[in-house]
Amino acid sequence: MTLRGTTAVVGVAESDLGQVAPGLTPLDLVGQATVRALADAGIQKSEVDGLFTASSYYPMSGMDTAEYLGIRPKYVDGSTIGGSSFVSHLLHAAAAINAGVISTALIVYGSTQRSDGGRLVSPSKPNPFEAPYRARHPISMYAMATARHMHQYGTTREQLADVAVAARQWAQLNPVAFARDPLTREDVLAARMISDPLTKLDCCLVTDGGGAVVLTSAERARQLPGKPVFLLGAGEATSHRSISAMPDLTVTAAAESGGRAFAMAGLSPQDVDVVELYDAFTINPVLFLEDLGFCEKGEGGAFVAEGRIAPGGKLPVNTNGGGLSYCHPGMYGIFTIIEAVRQLRGGCGARQIEGADVALAHGNGGVLSSQVTAIFGTERTL
């Protein structure tokens, strides 16, 4: 509870997205996002004394990134737990600021996955006990969880398709989203099957992109020109590494990370105005909405169906279009933070959720392996 409201995000930005100019590297995209986020915050690069990053391209990403940006941070965290890394970094940075180790944290990510031919760039090594089954990593793992949820709770492919349709409807309100053409439930169901029961349109995009988040103390944030967004709570949990070791294919560690985040924030799911989830596949929002407490276990399919998480629906989910329609450059977690912060600042244009005071960002890493939840609030929530 000591971290609640002690730090605030004061700057966020994306790099160029989609398919970027030839010759740009992942670090070039980190640089773009950093310059834009620092300008958004009204903070000089020389003030950054904490650097938090993860990369599939650079094994020593902290040193590579610091060198490229021309900074000499007092504290570097290069922890990599998949796409949830950056939400985890947020918690680590808040703890470091609260302890007086650093004053200003920069969290960054960049990837040129699409320019690299759509090849999955990953440091992951095959599990030798799973390799004989020739699973297609990572989609076959998510397909297993999807099939189990369908079998156990009656979740339908139509309900999953509605997740993709809702994401596309949000993306149509976001001018920088990669996929903005109309999408119907029938389109998703009729798309090429990749790993039963998931079709191509149940899968996230493959794009280039980068992002940056600037975090500082609440006291310092109130002295800056922009509107601060306060970190109210955060929690992380890891349940397994390989899908064969997942205790229950229908229950993720978000049940733990979410509980910890809500306890720190002193809030419940009913207090959340907007939700940003890591939607690598259409099953992800179903599982996470259940495990985070927005609906009961097994009710996620009905919860997301018929436009309930789309514009005008019961709960705004992935208002930027998510990894399914906005962007997905290998790891997506940092973009959940960026959109949550923008929603609470009130600058999202046509997709803005009026009166939003509390936003949840949730990151997922590996094959439903690591889960990290962050809850943000405006000044009024303090």
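Two strands count as paired if DSSP finds at least two bridges between them, with strands (E, at least two residues) and helices (H or I, at least four) taken as DSSP runs numbered from the N terminus. The model is a predicted one, so local features need pLDDT of at least 70 and side-chain atom pairs count only at pLDDT 80 or more, while totals for chains, interfaces and linings use all residues. Residues are numbered from 1 along each chain as its sequence is written, and side-chain values use heavy atoms, with hydrogens and water left out.

Eight of the eight residues of strand 1 (residues 7–14) are buried, so the rest of the structure largely encloses it. Here buried means under 20% relative accessible area, exposed means over 50%, and partly exposed is in between (1.4 Å probe, protein chains only).

Next come the aromatic rings. Rings of Phe, Tyr and Trp (its six-membered ring) pair if their centres lie within 6.5 Å; planes under 30 degrees apart are stacked, over 60 edge-to-face, and the rest tilted. The whole structure holds eight such pairs. In one of them, the ring centres of Y326 and Y332 are 6.4 Å apart with planes at 75 degrees, so the pair is edge-to-face. Y326 also pairs edge-to-face with F335, at 5.9 Å centre to centre and 80 degrees between the planes. Y326 and Y332 are both buried, and F335 is buried too.

What about charged side chains? A salt bridge puts a side-chain nitrogen of Lys or Arg within 4 Å of a carboxyl oxygen of Asp or Glu, and the count comes to 14. One of them joins R345 to D40, with the closest N and O atoms 2.6 Å apart. R345 belongs to helix 12 (residues 333–345) and D40 to helix 1 (residues 26–41), so this contact ties together parts 305 residues apart in sequence. D40 is partly exposed, at 30% relative accessibility. D291 and K297 also meet in a salt bridge (2.8 Å, N to O); D291 is buried at 10%, whereas K297 is partly exposed at 27%. Elsewhere, D162, R185 and E306 are linked in a salt-bridge network.
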